[in-house]
Amino acid sequence: MELVVPALDHQAAFTRFYDDFAQFDPENADYYWPGKDDFPTYVTRLTDESLGKNLRKGYVPCSHFWLLDAEQQIIGAIRIRHHINTPFLTQEAGHIGYDIAPSYRGRGCGKQMLALALPKARELGITRALITANEDNMASRKVIEANGGTLENIINGEVFNESLARYWVDING
């Protein structure tokens, strides 16, 4: 498996990734709908976000990566926010957010994807990353813990309106 930056040549793989969410996790499919609707514009937006260009209100620079399997299928997506200098990011979202396509969950893909992303976060100058998960999402919490995450606390999210487990991962090297 490898992490790649979003690119136009992955459109067919992205469509399958989105369709997996639409079929098996429709609640989270909406996040990826812009890529299904207008893939070139979506890739441009992700590229711009990584460069800190044309950021939407409340957004910070954010590098996006897709996890590809041996068949070049997108099986995961991970986002690394370059800083968390907003109240929402500092409390609820953190530096890193990720998703594994529903059909690939429970196979260790999330653990591997986060492990591949941590050196990229370090390249961005992040030495200690905040990563959050819903308190009851034990699979995601295990991914974070397997990558050195130390639980700081459980909070009630104001934006997400859910109990969130907040972890710190030391990626100083």
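Tutor: At least two residues of the lining of the largest pocket come from each of helix H2 (26–29), S2, S3, helix H5 (87–93), strand S4 (96–100), helix H6 (109–123), strand S5 (128–134) and helix H7 (138–146), where helices (H or I, at least four residues) and strands (E, at least two) are DSSP runs numbered from the N terminus. This is a predicted model, in which local features need pLDDT of at least 70 and side-chain atom pairs count only at pLDDT 80 or more, while totals for chains, interfaces and linings use all residues. Residues are numbered from 1 along each chain as its sequence is written, and side-chain values use heavy atoms, with hydrogens and water left out.

Student: What makes a space a pocket rather than a cavity?

Tutor: On a 1 Å grid over the protein atoms alone, a cavity is a set of points where a 1.4 Å probe fits but cannot get out, whereas a pocket is an open set with protein on both sides within 12 Å along at least five of seven lines, and lining residues have an atom within 4 Å of a point. The largest pocket holds about 1,400 Å³ of space, and of its 44 lining residues the closest to its centre are Asn28, Arg79, Tyr98, Asp99 and Phe160. The largest cavity holds about 50 Å³, and Tyr31, Trp66 and Arg79 are among the residues that line this cavity.

Student: Why is Asp48 called buried?

Tutor: Asp48 has a relative accessible area of 13%, and buried means under 20%, exposed over 50% and partly exposed in between (1.4 Å probe, protein chains only), so Asp48 is called buried. Asp48 lies in helix H4 (residues 39–51) and, leaving aside neighbours within four places in sequence, is in contact (heavy atoms within 4.5 Å) with Lys53 and Asn54.

Student: What makes the phi of Asn54 worth noting?

Tutor: Most residues other than glycine have a negative phi. Phi of Asn54 is near 50°, a positive value in a residue other than glycine, and Gln72, in the loop between S2 and S3, has a positive phi near 65°.

Student: How do you know that Gln72 is partly exposed?

Tutor: Gln72 has a relative accessible area of 37%, which lies between the limits of 20% and 50%, so Gln72 is called partly exposed.

Notes. Grid points are joined across faces, edges and corners, and a volume is the space filled by probe spheres set on the points.
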